[in-house]
Amino acid sequence: MALAQISRRNFMQQSALWAAAFAGGGMAGMATAQAAREKELNILCWEGYNSAQVLDPFRSSRGATVKAESLTNDPTMINRLRAGETNIWDLINVNNPWARKIMLPEKLIKPLDRAKFEPFFNSMMPEFKAPYKWAMDDSGEQLIGIAQRFGPYSFVVNTDKVSRATAEDQGWNLWNDPANAGKYGILESDDWNVFCLCCIAGFDPFKVHNDEEVAKFTETAKRVFKGAKLVGDIATMNQALVAGEIDFHLTGGTYSASPARADGHPEIRGITPKSGPLAGGKGGIAWIEITSVVNNPQVSPLAEDFLAYVQAPDVAHTVAFAEGTYNPVTQMGNPECFKLFSKEQLDAIQWDSLAEEMARSAEYDIVPDYDKLLDIMTAAKREASGG
Amino acid sequence: MSPGFRNALPVMLFLLAGFAAPLIAVTWFSFMPPRTFAFTGTPTLENYETIFQSTSYISFLWSLALAALTVVLLALIAYPVAYGLVRVFGKWSMLATLLFTIPLFVSENIRLYGWVLFLIKNGVMLGTLKTYFGIQAESILFTLPAIVLGMVYVYLPFMLFPMTLGISMVPQDTRDAATDLGASRWQVFREVELPLSLPGIMIGCLLTFVLAVGAIAEAKVLGGQQIIPITHDIEIAFTYSQNWPLGAALSVLLMLVVGALVVLVLRRFDLDVLLGRR
Amino acid sequence: MLQKHANLMTDSQPILSLKSVRKMFGPHAAVDTINIDITEGEFFTIVGPSGSGKTTLIRMLAGMDQPTSGDILLRGTRINDLPANKRPTCMVFQSLALFPHRTVGQNIEFPLKIRGEDPAKRKVRALQLMTLLRLPESYYGKNVMKCSGGERQRVALARALAYDPQILFFDEPLSAIDYKLRKTLEKELKDIHRETNKTFIYITHSLEEAMVMSDRIGVMRDGKLVQVGTPHEIYTAPRSRFVSEFVGDVNVIPVTRAGNGRLRMNDSGRELVPPGKAPEFASGHLVVRPEYLRFLKQTSDADNALEGRLYNEYALGSRIQYQVRVGENVFVVEKLRQQPFSGKLDDKVIIGWDANDGILVSE
């Protein structure tokens, strides 16, 4: 019988052979990454910088091989460097606090030539004028990265269901109203979810939390996940908002809402609460990406070249509207760059309220007891399973 | 060193490197201190303690339950289909089964997002019902039935293929002989076709069970993470939590649980005995 | 010939009658207008080369196929549309079609189980049948696939007998068995036939096998029954060259009747004395079996004589076969081993036969 020809052992051998072949192939790929660094650049980044629109002109003008890997989580990228990948990557693009607070002290990145790069900050929007806090080390002496994309990131509503004014006024308490259970989704972005849960619980996420706060966090996490209609990625959230499966979702802003807005759904809108428990009574949280040069023993000379390249008005505009999500860029402070944005594009990134939203937002920071809160949240999510 | 051993050596090394090494690495890693990234730490049972003190069992149970439910539904759905294929296409039935594998060329996520568009409120199904028939139905998207639907859909080919093979391997003569000896159609099925196609059913069930225990996308995409299977927990440990040793320990436990179940089933139903070979 | 069955001689109603049975596959008639009556208790064998339609015929008899036209009557009742599981007949398949997932006992008991018989009774009957077929009792719980080829044959037969059929069909069950075992099983089968007194209808492509076991033989060719008779009749009085050649090596001489009542060989024009009864024969073949050909000292020692050269000899167990070349033709002569021919190769020899040992066939 035919079945007898595919014995179990045979099958295992075949599988193992393929697995070994793949493993071998992977190792071969790593080996080639060591050689010829002059014409080679490896970027570890959030999505956008890895798009062909951004990279192809650079590749062809420099005749370089550029590899960009996008991840959607800062700690993952940093742990890649910690695990020894500093000899692979040349540039790393993460949110604001990591370069200054973690990567430089851990020698994962190296400072930039201040004289060469500081002038770029002067053509940026006023808030980013040199010396810009997140681009500098603690002492304020060293320039450690360049700012480009940024945006407020709290939550998103369908304004047909909940008006912008109501959402801004109610703020995080939307999630404290039992009537809203089953009406909302949660955009999966675990560190941001932790921040948001802290805000709903009524305290600042970016500090060490006492037992009472941890207990409050635990209760809030359970309740919020239990009441969520769904948890998912950006596309799922936007789809569910547009289809009417949900009325609003936790964690989000221009970054996540812009694809839906650009697709003809201006009712999908990122909201920054008017007030909240963040430092100074601020209502929302904003992120600013900092791109730094990795402390690679054989760093590519193209790394700094690329940092300068993305400052050009047209490239900055491309970065703002690279595939996936659309975001404001600091270079919009330069009229040469700003004029490249169409009305529709400005509308997609909520330019009308960008300044006030940024003013009402605290800047993304590191949660000192993040691991503990994340574990609590993961358990809460799991325990809400099937509920 | 015998020539046989010498000849087998390259393959054995290959096996070791490609198959055993990653398993050993994961196992070793599960004994490293939590939230570390090197193989050089002092081995500890801390990760396992954490798991046993946590609510991870919920995820384990969900994964096993979802996989078991999927297997049962698939067996009920795929057997008649396979039976029909063999009856209609005869010796070409395996080729016909290949048609069912064509969707495998499209990424699973894309297919699942297709289902989202189909099931979502005002989507293909509910939208059509509303527009043309005025029926306003609740969406099942982001619920348990949607997850099960997705899993049944995704793993159908893996059940269908061995089942069709199993049924097509039942010799026509044994059917004829049973009929000739007085058996009714139902008796032929119960006494001959079903037991003789059992190896195909068993292989299909084992294959889909092992695959379905590893399912993650269905619960994420169609279930809106309303259910967190153990694979998702492992993913969270390796990504957001950046707790690789914990993820490794969860992986090891999952392998142990699934491995034990498979061994148990294979003990109970020896394929060779089923095939009448021993 | 022993006459074992009294009813063979009576003209009672046949157990199975075929009336103009035809089976068409498209425009092709696989079974072409077959008429035959099978007597109760008979061992009837249908013999024919592969593709002659014998398997199609037996499948219709067993109920696994329906005839395109014509009738199949069981004790006078038309059973054309009666499905296989409703017919009081049973078949032993070429593949044996044993149930590989069952033990010897379970295989034998299968028809009893289907009939809903009590397990204890089933076992008693199975053990009876095992004894009849010389299967050790210890085999009852043995997996059937662990049995040897011969044992499997017996299990298959026991299973069919357990059904207690009025007619047993056999579809070449011995064709895949080696020669020695086949010879044993042929005889065993005949013994079982005697023990059970059932009607056996057997198909095979080997006339030799048919000869050993059968009461009557039907020879099939291209869907038609070309001759039906006892083994003796088939052997001694074949009605066609096809039938005569089916028995084994024969000497076939194309001949035409000459004006003087003699036969003229078509190639050499030589005249031969015809067998005594050669009524209105015009042209065809003269068949002479090798054992009827003799080596002669002189041409006058037999009615018909031919001169040739001894070409080769072959030892066939109890007999020795000689090839003699006469002109372009090759003749085969057989002698018993105890009485070998003493000639040398390439010797000039005379071979001949008595007129009445020849058989005239028109086809």
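The structure is a predicted model. Chain C contains nine helices and 20 strands, and its C-alpha atoms fill a box of roughly 75 × 45 × 40 Å along the principal axes. Of the 363 residues in this chain, 51% are buried.

**Strands of chain C**

Strands of a sheet pair through backbone hydrogen bonds, either parallel or antiparallel. One open sheet of chain C has four strands in the order β2-β1-β4-β5, and their pairing is antiparallel. The edges of this sheet are formed by β2 (28–38) and β5 (77–78) of chain C, each of which has a single partner strand, so one side of each is left without a neighbour in the sheet. Within the sheet, β1(C), which covers residues 16–25, is joined to β2(C) by seven antiparallel bridges, and C:Phe25 stands opposite C:His28 of β2(C).

Elsewhere in the chain, strand β11(C), residues 251–257, pairs with two other strands, β14(C) and β12(C). The pairing with β14(C), residues 283–288, is antiparallel and holds six bridges, with C:Val288 as the bridge partner of C:Asn251. Towards β12(C), residues 263–265, there are three bridges, again in the antiparallel sense, and here C:Thr256 has C:Arg264 as its bridge partner. The hairpin of β11(C) and β12(C) has five residues between the strands, and C:Gly261 takes a positive phi near 85° in this hairpin.

The pairings described above are set out here.

| Strand pair (chain C) | Sense | Bridges |
|---|---|---|
| β1 and β2 | antiparallel | seven bridges |
| β11 and β14 | antiparallel | six bridges |
| β11 and β12 | antiparallel | three bridges |

**A helix of chain A**

Helix α17(A), residues 370–383, has 14 residues and reaches 20 Å from its first C-alpha to its last, which is close to the 20 Å expected at 1.5 Å a residue. Because 10 of its 14 residues are buried, α17(A) is largely enclosed by the rest of the structure. The buried residues include A:Tyr370, A:Leu373, A:Leu374, A:Ile376 and A:Met377, and also A:Lys381 and A:Arg382.

**Cavities and a pocket**

Rolling a probe the size of a water molecule over the atoms shows where empty space is left. The structure holds five cavities of 30 Å³ or more, and the largest cavity has about 120 Å³ of space. Its lining includes C:Val92, C:Leu133, C:Phe170, C:Pro173 and C:Glu188, and the helices α5 (149–162) and α6 (179–196) of chain C each supply at least two of the lining residues. By type, the lining of the largest cavity divides into eight nonpolar residues, one polar and two charged.

The second largest pocket holds about 900 Å³ of space. Its lining consists of 32 residues, and those nearest its centre are A:Thr72, A:Glu188, A:Asp233, A:Ile234 and B:Tyr240. Two or more lining residues come from each of α10 (234–243) and β10 (284–294) of chain A, and likewise from each of α5 (108–119) and α11 (217–222) of chain B. Within chain A, domain 1 (8–149 + 289–349) and domain 2 (151–285 + 365–384) each give at least three residues to the lining of this pocket. The lining of the second largest pocket is made up of 13 nonpolar, 13 polar and six charged residues.

Terms used. Residues numbered from 1 in each chain as written. Chains lettered and ligands numbered in written order. Predicted model: local features only at pLDDT ≥ 70, side-chain atom pairs only at ≥ 80, totals over all residues. Heavy atoms only, no water. 1 Å grid on protein atoms, 1.4 Å probe; cavity = no way out; pocket = protein on both sides within 12 Å on 5 of 7 lines; lining within 4 Å. Points joined across faces, edges and corners; volume = space filled by probe spheres on them. Nonpolar A, V, L, I, M, F, W, Y, C, P; charged D, E, K, R; others polar. Domains from an automatic or database assignment. Pairing = 2+ DSSP bridges. Expected span 1.5 Å × (residues − 1). Buried < 20%, exposed > 50% of the residue type's maximum accessible area, 1.4 Å probe, protein only.
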